[in-house]
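Subject: Structure handover

Hello,

Here is the structure for you to look through. Please open it first, then read my notes below.

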Amino acid sequence: METDTVIVGNGPSAMILSYILHGHLPFYSENPPHPDPLLDAKLKDAPNLLNADVDALTAHFAASRLSYSTQALPVNVLLDTLVRPSVDVDETGTTSNVEWRHVPEKAVSHLVFGKPSYPGGQWTEDPHGASWDIQTLSYAAMLSLPGYSFADHHRKATGQELPPYTRPTRREIADYFGAYPVAVHIDDVFRCGEELEGISRTADGFYIQSHNIHCKRLVLASGIFSELLPPAPILQPILQTQSRPETSLLVIGSGFSAADAIISAPPDQQILHIFKWSPADRPSPLRSCHQRAYPEYAGVYRLMKRAALAADATKDQPPKSRRSTSTPFLENRKWDDVYEGICNVEITGVEVVDDLAQVSFRRADGSTLTRSVRGLVYAAGRRGTLGYLDSKLQSEVLGHELVDTAITGQTLRAKATEDLQVTPGVHIIGSLTGDSLVRFAYGGCVSTAGHLLGDRDTDREARSMASSIVSTRPQSSSLAVMNGMDGHHIYPNTGSDLTREDTFNKVSTMTIPAAAQSWWKTLAQMWKDLTQ
Ligand SMILES: Cc1cc2nc3c(=O)[nH]c(=O)nc-3n(C[C@H](O)[C@H](O)[C@H](O)COP(=O)(O)OP(=O)(O)OC[C@H]3O[C@@H](n4cnc5c(N)ncnc54)[C@H](O)[C@@H]3O)c2cc1C
């Protein structure tokens with residue numbers, strides 16, 4: 001079989017790209033004008049976003065009175081602000097400066113392959129057994145795809161308007177992504193439940209051994225969350241034990257997946273939570289979750305902090321007296337009875353007898369302790385892999401010989417900053433680029449589609465020369481990686497503290513109105529209280 005382009009992965013970025021490759025072309029829509037008058041002026045006469053001159057359009061962003069992200073790739077910041085220009089004051093995202101014009105004759109033949117049985121990529125997978133009713137980190141508008149928003153889906157499914165500031169559940173987003181290809185009529189190219197393997201370069205394109213397919217161009221949208229980091233061999237026997245409420249479930253990890261496991265456990269489930277605690281140099285990503293926006297994650301962070309402080313107190317000094325405000329999350333379970341947190345310990349032994357594991361730990365000071373557990377959630381991170389490419393093509397994509405097959409948001413970041421076509425004919429989109437949020441997937445998809453549809457100059461040399469001439473952006477701003485999903489660095493290379501709140505709010509394109517400013521002040525103060 002032959003096709004022009006194959007997309008590996010069926011997550012949100014693959015869906016956005018497929019939508020464009022079906023001939024839905026993005027144009028700047030100046031009614032109403034974008035709140036940034038300079039950007040509006042630059043785009044008025046050159047509205048075709050497929051061949052947008054990103055450097056010229058974003059050159060003023062750093063000095064703008066609007067608060068543009070300095071962490072995401074410029075093309076991603078550009079499309080994000082155009083797709084959702086007023087997201088801070090109009091969270092529903094109904095106003096957009098992007099008009100999708102259907103030009104079917106521009107369509108590019110392509111196929112989308114995804115391991116999961118339904119479209120949606122990692123959203124359809126649940127490796128940690130977390131509840132499907134856990135709310136997403138993003139608001140609905142920031143998870144919406146072009147042509148059929150989450151609000152449209154909600155209206156269709158329930159007959160009701162979506163309330164503002166909705167954080168949908170994982171189940172609702174999985175349903176939405178699952179329904180999206182049919183809703184926008186792009187389902188003809190989706191091949192779900194199919195894993196591509198053995199992809200190699202040929203004289204005029206690529207060959208996919210697992211499916212006997214030839215294609216001219218390849219788009220990698222396989223993400224950075226497909227592989228779970230496996231527990232160390234010493235922990236393996238615990239996986240054979242069955243969790244029961246009255247015996248502690250062992251949860252290992254300090255990020256969102258560990259928190260998800262704790263939140264999802266039955267209310268009477270005993271939990272033993274083992275985590276790293278090093279707020280000064282490697283704080284948990286949960287630290288950035290404010291209790292109003294993310295009460296459950298902030299609640300788990302509090303439990304961890306309490307446990308860490310209590311451990312300190314027993315070591316040398318009593319805990320500082322502090323104002324301890326409770327929250328509905330902390331009150332909805334008898335956490336003191338069901339949760340035990342232990343930080344910075346090494347696991348030295350595991351012995352399983354009759355479906356009960358005795359686990360021995362050693363603290364940094366050499367003291368030891370033992371606990372009985374049943375069941376294990378090992379949530380120490382997720383990675384991607386390019387193992388579906390043959391080793392020659394992997395080395396080409398990575399730009400060096402293969403040493404480590406685990407792919408994080410950092411792995412291809414420097415290459416993505418230079419060019420999303422990481423080697424001739426191979427493009428990367430989505431979280432592989434290092435910007436893992438759905439809102440930031442648009443830019444990479446539009447830019448890649450520009451090349452695939454032939455709207456851009458495809459001469460790599462000319463493009464990289466151009467980017468070296470015009471790019472005056474400090475390296476740190478574009479190399480730093482956004483956001484704090486598990487397995488994803490959340491701290492920019494500058495060493496400054498990029499918090500979850502940066503992730504979700506620095507990307508505002510509006511000057512913050514007075515009311516919101518005071519709201520933010522309050523939040524900032526509460527944040528200080530929480531972390532002091
Ligand atoms: C727990 C968690 C919560 C998150 N919450 C949010 C949130 O609230 N908001 C937000 O914006 N982002 C969130 N993210 C970030 C997430 O990266 C994005 O939402 C989004 O899923 C990225 O999309 P993607 O297109 O890069 O690919 P992914 O969604 O990662 O999907 C890629 C798919 O490709 C498949 N694949 C890999 N190799 C192959 C192969 N050889 N053949 C076929 N298929 C293959 C993988 O199995 C995977 O299903 C979260 C991530 C995690 C892990």
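**What I found**

Strand β16 (residues 382-385) pairs with β17 in the antiparallel sense, over 2 bridges. Thr385 stands opposite Ala406 of β17. Please keep in mind that this is a predicted model.

These two strands belong to an open sheet of 3 strands. The order is β9-β16-β17, and the pairing is antiparallel. β9 (227-228) and β17 (406-407) are the edge strands, and each pairs on one side only. Here is a general point: strands of a sheet pair through backbone hydrogen bonds, either parallel or antiparallel.

**The whole chain**

The chain has 18 helices and 19 strands. Of its 532 residues, 44% are buried. Now take the contacts with a separation of 6 or more: 72% of them join residues 24 or more positions apart.

**The sheet of 6 strands**

Another open sheet has 6 strands, in the order β12-β11-β10-β15-β14-β13. Its pairing is mixed. From one strand to the next, the twist averages 40 degrees.

Look at β14 (residues 356-363) and β15 (residues 368-378). They pair in the antiparallel sense over 6 bridges. Phe361 has Leu369 in β15 as its bridge partner. Helix α8 (residues 256-264) lies across β10 (248-252), β11 (271-275) and β15. Helix α8 runs at about 160 degrees to β10.

Helix α4 (residues 74-83) packs against helix α14 (residues 441-452) at an angle of about 110 degrees. Their axes are 6 Å apart. That angle makes α4 roughly perpendicular to α14. On the α4 side, the contact residues include Val75, Leu78 and Val83. On the α14 side, they include Tyr442, Gly443 and Val446. The residues of this contact divide into 6 nonpolar, 4 polar and 1 charged.

**The nonpolar cores**

Which residues have the most contacts inside the largest nonpolar core? They are Ile16, Leu17, Ile20, Ile429 and Cys445, in a core of 83 residues. Helix α1 (residues 12-21) gives this core its largest share, 7 residues. Beyond its neighbours within four places in sequence, Ile20 is in contact with Leu25, Cys445, Val446 and Ala449. There is also a second, separate core of 39 residues. Among them are Met304, Val359, Val377 and Ala380.

Best wishes

Methods:
Residues numbered from 1 in each chain as written. Predicted model: local features only at pLDDT ≥ 70, side-chain atom pairs only at ≥ 80, totals over all residues. Axes fitted to C-alpha atoms, helices over the stretch in contact; angles between N-to-C directions. Helix = DSSP H or I, 4+ residues; strand = E, 2+ residues; numbered from the N terminus. Parallel < 35°, antiparallel > 145°, perpendicular 65-115°, else oblique. Contact = placed C-beta atoms within 7 Å. Nonpolar A, V, L, I, M, F, W, Y, C, P; charged D, E, K, R; others polar. Pairing = 2+ DSSP bridges. Core = buried A, V, L, I, M, F, W, Y, C linked by C-beta atoms within 7 Å. Buried ≥ 20, exposed ≤ 12 C-beta atoms within 10 Å, placed from the backbone.
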